Amino acid sequence: MDKLKKAKATKLMLIVSFLLLSMLLAACTQDSEDHAGHGNDQNIEHDEEMDHMDEEMDHDGHHDDSVEVDRSNLEQEAAKAPENLNELATEELKVVNTKNITRINEDDPIQFSIHVSQTVWPATHVGNQPGTVILAPLNQWQYSLTALTLVHHPNDGPLLYWDGEISDDVLNELNRLQPKGNSEDIQVLVVGDLPEAELNKLNAYNVEQVQGENAADFARNIEEKFTETINEVHPNVIIGSSEEDAKEYTISVGNWIAHMNESLLYVDDDGIPQETIDALNAREDGVTIYLVGPEDIISEEIAQELETYGTVHRIEGDNPVAQSIEFASFKDAETDFGWGITSPGHGFVFSSTNTPELAIVAAPFAHLGKHAPMIWLDEGELTGEIYQYLATVKPAFSEDPTEGPYNHGFITGTFTDISFTTQGILDEKLEIVSLGGDDHGGH
């Protein structure tokens, strides 16, 4: 009997255990299904989010394509010369500046150099007083041009012209500026063979003079002077021709050497002067040479000879205007040399090929403020090459014109040198517009 009871009890326990196990399995299955269902919901939501992101990516991609199309259309339109000029635009004119253009309204080179000095260095306090002022000869463009290297820091000062003598106006400007001196405490650096009597006018300042027997010798001496000031020989160098027919081609580099530490050395029609060779050899770790001008300005034979001293890159344009545009556009990614300006948001100096002496002393606009390269105007006029280039840097906004970018121009000389009509066209070509082509109305 006891055995029977025990058997029944054991059987009952097995049944209960089986039922409990079944219930547990059922609960686990339901939980698994619930969890799986939640996971499916997450996957669905995730898939919906991915689809939405894909739609946004597709939209963004479409938007980018649209922007490219809008930009292309904008540049095509901007590259066109205006039609139906207003002949009355200059009647009763009372301004020389326009919204996107600052004009240095002076044609006398010495006075012009003072105007630039006062625009770039207000000298109202220590923060905007120059360190060293450079006095350079008006009638030796090769000397004045290569001296622009000295405009850069730590000298940080204007280039003022002298012509046989230092004018009272230049002396007055020196007094106004009160130059602080550079790292060597030099307040005035005289370029060229200024007579002793004229040097005596500068007795109130710490003065140093840099001279040379010829253009190449002077360029080397200027580089040595700047090397002493900055305590290094820069591995990059610009080489231009000192010949008179190369004048506008070589001057196109002036703004860059005022902007950066590279200097300018010279070759001529006879080849590479020894002074230039000595300067190249001073770079013991190699040199990268940027040759400015086409082969009819600097021959291929000279270029090949220069290759024995370092790597040579020729930057060339078919004419002075094209040369200035090529130089403003050029960038060497390996050495970081060059403006590389091919997009909006920059300043530019516009100079007439008829007044190259003004272009030289306008170079400080590349040193401070807008840091602007120089673009030649062919005898003060716009050409197709300039329209095409300005179209590539035409500013445009997507949503609001306050977002920028903005361009700005400086014009050198009077309305006789560069007309108000040309200024007005440049002003419009530099103006920011809507990328969508609806002017400013849609913002």
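Student: Let's start with helix α14. Which residues are buried there?
Tutor: In this predicted model, the buried residues of α14 are F420, T422, Q423, I425, L426, D427, K429 and L430.

Student: How many of its residues is that, and what follows for the helix?
Tutor: It is 8 of the 11 residues in α14, which spans residues 420-430. The helix is therefore largely enclosed by the rest of the structure.

Student: Which helices supply at least two residues each?
Tutor: α1, residues 2-78, and α14. The largest share comes from α1, with 3 residues.

Student: How much space is in there?
Tutor: About 190 Å³.

Student: And what classes of residue make up that lining?
Tutor: There are 5 nonpolar and 5 charged residues.

Student: New topic. How many cavities of 30 Å³ or more are there?
Tutor: The count is 1. The largest cavity holds about 60 Å³ of space.

Student: What lines the largest cavity?
Tutor: E223, F226, T227, I230, E232, V233, H234, N261, S263 and R283. By class, that lining has 3 nonpolar, 4 polar and 3 charged residues.

Student: Which helix gives the most to it?
Tutor: Helix α6, residues 215-230, with 4 residues.

Student: OK, strands now. Are the faces of β4 buried or exposed?
Tutor: Both faces are covered. β4 runs over residues 188-191. V188 and V190 are buried on one side, and L189 and V191 are buried on the other.

Student: How does β4 pair with β2?
Tutor: In the parallel sense, over 3 bridges. β2 covers residues 133-137. L135 has V190 of β4 as its bridge partner.

Student: What about β4 and β5?
Tutor: Those two run parallel as well, joined by 4 bridges. β5 is residues 207-210. V188 stands opposite V207 there.

Student: Next, the backbone. What is the peptide bond from H153 to P154, cis or trans?
Tutor: It is cis, with omega near 10°. P154 is in the loop between α3 (141-146) and β3 (159-162).

Student: And the bond from G404 to P405, cis or trans?
Tutor: Cis again, with omega near 0°. P405 sits in the loop between β12 (396-397) and β13 (408-412).

Student: What do most peptide bonds look like, and what about phi?
Tutor: Most peptide bonds are trans, and most residues other than glycine have a negative phi.

Student: So what is phi of A123?
Tutor: Near 60°, which is positive, and A123 is not a glycine. A123 lies in the loop between α2 (109-120) and β2.

Student: Why does A123 count as buried?
Tutor: Because its relative accessibility is 15%, and the buried cut-off is under 20%.

Student: What about D185, where is it and what is its phi?
Tutor: D185 is in the loop between α4 (168-177) and β4. Its phi is near 70°, also a positive value in a residue other than glycine. At 42% relative accessibility, D185 counts as partly exposed.

Student: Last one, the whole protein. How many helices and strands?
Tutor: There are 14 helices and 14 strands. The protein has 443 residues, and 49% of them are buried.

Notes
Residues are numbered from 1 along each chain as its sequence is written. This is a predicted model: local features need pLDDT of at least 70, side-chain atom pairs count only at pLDDT 80 or more; totals for chains, interfaces and linings use all residues. Side-chain values use heavy atoms; hydrogens and water are left out. Buried means under 20% relative accessible area, exposed over 50%, partly exposed in between (1.4 Å probe, protein chains only). Two strands pair if DSSP finds at least two bridges between them. On a 1 Å grid over the protein atoms alone, a cavity is a set of points where a 1.4 Å probe fits but cannot get out, and a pocket is an open set with protein on both sides within 12 Å along at least five of seven lines; lining residues have an atom within 4 Å of a point. Grid points are joined across faces, edges and corners, and a volume is the space filled by probe spheres set on the points. Ala, Val, Leu, Ile, Met, Phe, Trp, Tyr, Cys and Pro count as nonpolar, Asp, Glu, Lys and Arg as charged, and the others, Gly among them, as polar.
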